[in-house]
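Work through the exercises below with the model open. Each task is followed by its solution.

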Amino acid sequence: MTTSAPVPAASAPGVTEPADRSVTDRLVESNRAYAAKFADPGMDARPVLHVAVVACMDARLDLHAALGLELGDCHTIRNAGGVVTDDTIRSLTISQRALGTRTVILIHHTGCGLESLTEDFRHELEDEVGQRPAWAVEAFRDVDQDVRQSMQRVRTNPFLPHKDDVRGFVFDVHTGLLREIDPTS
């Protein structure tokens, strides 16, 4: 399995691609190839399985493959750490109230970069650019405990009407397996 976008062939015979071609240019060209074969699946924005998955943005997590999901099955909300932030709650609220999801799955993973950061990251940014970010880093030391905290944030949020089916997991980046986290441990 490749983990990078293919380098598309030159658009015309005899045309050489510039050596300084950007990643964005490669991705846009890949999109053109995708769109040429694209067929409208005829679905709307409501996930077929009525599930929202909140996960880390880590490039090693191929959520659709790991969970056996197809296009249209779920809403996927990703951020650094898979942390349940105010913006995550905003997305989940829209997902549940406007688009019919009822299940929330939270996925953190082993070897997360947030385990090596602290809130000092914000202070360093402030020193560098002269302004402190309005957001928290949400760094953590114990991935299991952070999953529990994320589950609790979902289960206690007044904007979310569906809190009965909220489960949290840690994805092992070396084995591909999910390990469920008991919310009460």
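**Exercise 1.** Compare the span of helix H3 with the expected span.

Step 1. Helix H3 covers residues 86-99, 14 residues in total. Helices here are DSSP runs of H or I with at least four residues, and strands are E runs of at least two, numbered from the N terminus.
Step 2. Just after H3, Gly100 has a positive phi of about 80°.

The model is predicted: local features need pLDDT of at least 70, side-chain atom pairs need 80 or more, and totals for chains, interfaces and linings use all residues. Residues are numbered from 1 along each chain as its sequence is written, and side-chain values use heavy atoms, without hydrogens or water.

**Exercise 2.** Which residues of H3 are buried, and what covers them?

Step 1. Apply the cut-off: buried means under 20% relative accessible area (1.4 Å probe, protein chains only).
Step 2. Thr88, Ile89, Ser91, Leu92, Thr93, Ser95 and Gln96 are the buried residues.
Step 3. Their cover includes strands S1 (51-56), S2 (74-79) and S3 (103-109), plus helix H5 (143-155). Contact means heavy atoms within 4.5 Å.

Notes:
The expected span of a helix is 1.5 Å times one less than its number of residues. Buried means under 20% relative accessible area, exposed over 50%, partly exposed in between (1.4 Å probe, protein chains only).
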